[in-house]
Amino acid sequence: MARLQGQTPAHLREIVFVIQSQSNSFHVRRAEKRRADLLKQSESLTQKPPTVLYLHSLSDNDGDWSILPLLPYFSSSFGENSSWIVFLEEETHIDMSKLVHILMKFDYRKEWFLGKPLQDEESTIIHHYAFAENPSVFKYPDFSAAWSLSISLVKRLANKVRDEPLKSDFTIDLKHEIAMYIWENGKGPRLTGVPELCTVPEESPQAKQCATSLSSLSPLCGEPVRKEDIFVAVKTCKKFHKERVSVVKKTWEKEAALFEYYSDHADPSIPTINLGVPNTERGHCGKTFAILERYISDAVPNTNWLLVVDDDTLISLPRLQVLLSCYDPSEPVCLGERYGYGLSQGGYSYITGGGGMVFSREAVVRLLKSGCKCYSDDAPDDMVLGMCLNALGLPVTHSPLFHQARPEDYARDFLAHQVPISFHKHWNIDPIAVFNKWLKDDIISTTSAGLNKIDKTEL
């Protein structure tokens, strides 16, 4: 395809859009609406529409949500006739004409990594304490604002992926890890910030200056799930009954209708239930599988949803009720903050336990029917569950509203466009103050105002 020298791109069809979609039916519907919007806009701008891909359908490998393993595919499929690969999330609204105008300022024949920059205020565990001396020096993209790679950069990275096997350990915060991979200790480009890539609401006055914004694409999913439809299981142990359980009782326990504490010691004053599994310093797999067995037994009320949390998880149950209205409990839903292990080497995705793990009854039934078990009581429960789900071909569904760490472990601008559902850990914080600041709603979020606020922000 002939291009005008120095123009980038000459045509919309030279941009490949990749929606970072998921296979759960709710997310497929959102991605389809996003694709339809992109194609509708393109009709008025070009005769031939651009390529719009769904990330979840590009391969059968569940771990390809980590994107890097797909770079050789992007290079071989689009390297000759495309200028840019643009990644966006399901809620990212794109003003097509503005985006094309912005991309034309950059020469696709050079290596460009474009996005809305995020930075850490302090070194954080979720980024392996990178740049500990000066965390704010490194910028990484906010995926919600869309981010772009020039085809020149895609080709070089694709060759690198082919020649050097990707690391096979943990995928925790993909946006940071991709930026680190591209930067390659100074051998590759840093993120170039583009002010027109925004995370303000699509309807806001500020969005008029933006090529991207956040959309309330989906209608409200319906009435929030009733609290009586969620069974809440809290994992604890005797040594934390006073220190941690008291925080749960002072913050979010009162929002639950069906609630049990599971411990290595039965304490009627809380009360806690001893499942007969000894406490372990780490892992807790035996305890979690005992909770799953109890959930589908006659010992507890029959509900559509199970929430499993740690005793130092801080969570908003009303916001969870709103979120769950978007999901079908007749499907095997496993929802929370998604991490990965060995994704480039045939590994698996899992819901990280500290932020809260949500399961539909159907998912629990299928898990237990499969015969999947812990290899030891102290195995990491969230990772074992991930292995089981992977073996069954059941997807892990990611929501960025669940958080495995504390608010200060996330970039301020990233949290600014969220109404978060959970955080985790009491380390060096006042957990009650954190709950009141981040998770407590002055007006119960089952009101239409609360629903609208949450839906427009991130659901």
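The protein chain has a mean pLDDT of 92, and 93% of its residues reach 70 or more; pLDDT is the predictor's confidence in each residue, from 0 to 100. This is a predicted model, in which local features need pLDDT of at least 70 and side-chain atom pairs count only at pLDDT 80 or more, while totals for chains, interfaces and linings use all residues. Residues are numbered from 1 along each chain as its sequence is written, and side-chain values use heavy atoms, with hydrogens and water left out.

**Aromatic rings**

- The structure contains 21 aromatic pairs. Rings of Phe, Tyr and Trp (its six-membered ring) pair if their centres lie within 6.5 Å, and planes under 30 degrees apart count as stacked, over 60 as edge-to-face and the rest as tilted.
- One of these pairs joins Phe74 and Phe87 edge-to-face, at 5.8 Å centre to centre with 80° between the planes. Phe74 belongs to helix 2 (residues 71-78) and Phe87 to strand 3 (residues 84-88), so the pair ties together parts that are 13 residues apart in sequence. Helices (H or I, at least four residues) and strands (E, at least two) are DSSP runs, numbered from the N terminus.
- Phe74 and Phe87 are both buried. Buried means under 20% relative accessible area, exposed over 50%, and partly exposed in between (1.4 Å probe, protein chains only).
- A cluster linked by ring pairs is made up of Tyr73, Phe74, Phe78, Phe87, Phe113, Phe143 and Trp147.

**Charges over rings**

- Lys160 places its charged end over the ring of Tyr181, 3.8 Å from the ring centre. A charge sits over a ring if NZ of Lys or CZ of Arg is within 6 Å of the ring centre and within 35 degrees of the ring normal.
- Arg244 has its charged end over the ring of Phe240, 3.5 Å from the centre.

**Helix 7 and helix 9**

- Helix 7 (residues 285-295) and helix 9 (residues 361-369) have axes that come within 10 Å and cross at roughly 115°. Axes are lines fitted to C-alpha atoms, for helices over the stretch in contact, and angles run from 0 to 180 degrees between N-to-C directions.
- Phe289, Leu292, Glu293 and Tyr295 of helix 7 meet Arg361, Val364 and Leu368 of helix 9.
- Helix 7 is mostly covered, with 10 of its 11 residues buried; among them are Cys285, Phe289 and Arg294.

**Individual residues**

- Glu228, in the loop between strand 12 (212-214) and strand 13 (230-235), is partly exposed at 38% relative accessible area. Beyond its neighbours within four places in sequence, Glu228 is in contact with Ala257, Leu258 and Thr303.
- Arg338 lies in strand 19 (residues 338-341) and is buried, with a relative accessible area of 14%. Apart from neighbours within four places in sequence, the contacts of Arg338 include Gln22, Trp65 and His398.
- Arg412, in helix 11 (residues 412-416), counts as exposed at 57% relative accessibility. Its C-alpha atom is separated by 7.8 Å from that of Asp120, 292 residues apart along the chain.

How values were computed
Contact means heavy atoms within 4.5 Å.
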